[in-house]
Amino acid sequence: AMQTACDAGTGGNVCSDWGDEWAARFEAGGADVRFEGVVAMAPGDYSLFGAAGVATVGVPSLLMTGEFDGERTADGASYWGDLQPLGGRYVNIVGGAHNTFDDVSGSMGDGQTIDPEVGFRIVRTFAFAFSEQVFGSDAYAGILDGTVEVDGAVEVF
């Protein structure tokens, strides 16, 4: 699917580095038995993986998006639809944007209205709670299911 998208000019930035080596790596599969969970923050390129590709993730996944990230409604919604049956968790940060999850948070003019420190605290809290759950502790389950409020800017699905 990636090769077809790159050939058609619809594959996006991934195509600038696409070649035989990457094609072989993707054909072999991306599974790594050392991974026990995935935290996906503002993921994109759903069209390159599709439902079949997402279904091969095979480990618990936490999906986080920001309200003003265009990928929230495009790729994020599609990822969530396919991760949900696998026991995934989904958190949206109201006032957040694509860069809420990195060190340029709030400085890129991407519509973010949440204070970067608040966004970082939310991201760290949910990533920690999810990691604990992946490794067998339910001590923070209330955070992940939304019964314990982390911040008013958090939507848990």
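The model is predicted: local features need pLDDT of at least 70, side-chain atom pairs count only at pLDDT 80 or more, and totals for chains, interfaces and linings use all residues. Residues are numbered from 1 along each chain as its sequence is written, and side-chain values use heavy atoms, with hydrogens and water left out.

**Fold and dimensions**

- The protein chain holds 6 helices and 4 strands. Helices (H or I, at least four residues) and strands (E, at least two) are DSSP runs, numbered from the N terminus.
- Their order along the sequence is α-α-β-α-β-α-β-α-α-β.
- The radius of gyration is 16 Å, close to the 15 Å that the globule rule gives for 157 residues, so the protein chain is as compact as a globular protein of that length. The radius is taken over C-alpha atoms, and the rule is 2.2 Å times the number of residues to the power 0.38.
- The C-alpha trace spans about 45 × 40 × 25 Å along its principal axes.

**Packing, surface and charge**

- Of the 157 residues, 34% are buried. Buried means under 20% relative accessible area, exposed over 50%, and partly exposed in between (1.4 Å probe, protein chains only).
- Among contacts between residues at least 6 apart in sequence, 60% join residues at least 24 apart. A contact means heavy atoms within 4.5 Å.
- The accessible surface comes to about 8700 Å². Carbon and sulfur atoms account for 53% of that surface. Areas come from the Shrake-Rupley method with a 1.4 Å probe; for residues, only the protein chains shown count as cover.
- The chain carries 6 positive and 24 negative charges, and their mean positions are 6 Å apart. Lys and Arg count as positive and Asp and Glu as negative; His and the chain ends are not counted. Each charge is placed at NZ of Lys, CZ of Arg, CG of Asp or CD of Glu.

**Loop residues**

- A42 sits in the loop between strand 1 (38-41) and helix 3 (46-55). Its phi is near 50°, a positive value in a residue other than glycine. A42 counts as buried, at 6% relative accessibility.
- N99 belongs to the loop between strand 3 (89-93) and helix 5 (116-134). N99 is buried too, with a relative accessible area of 13%. Beyond its neighbours within four places in sequence, N99 contacts V104, S105, M108, D110 and Q112.
- D151 lies in the loop between helix 6 (141-145) and strand 4 (154-156). Not counting residues up to four places away in sequence, D151 touches V118, R121 and I122.
- The side chains of D151 and R121 are joined by a polar contact of 2.9 Å. A polar contact is a pair of N or O atoms within 3.5 Å; within protein, one must be able to donate a hydrogen and the other to accept it, and residues adjacent in sequence count only if both atoms are side-chain atoms.
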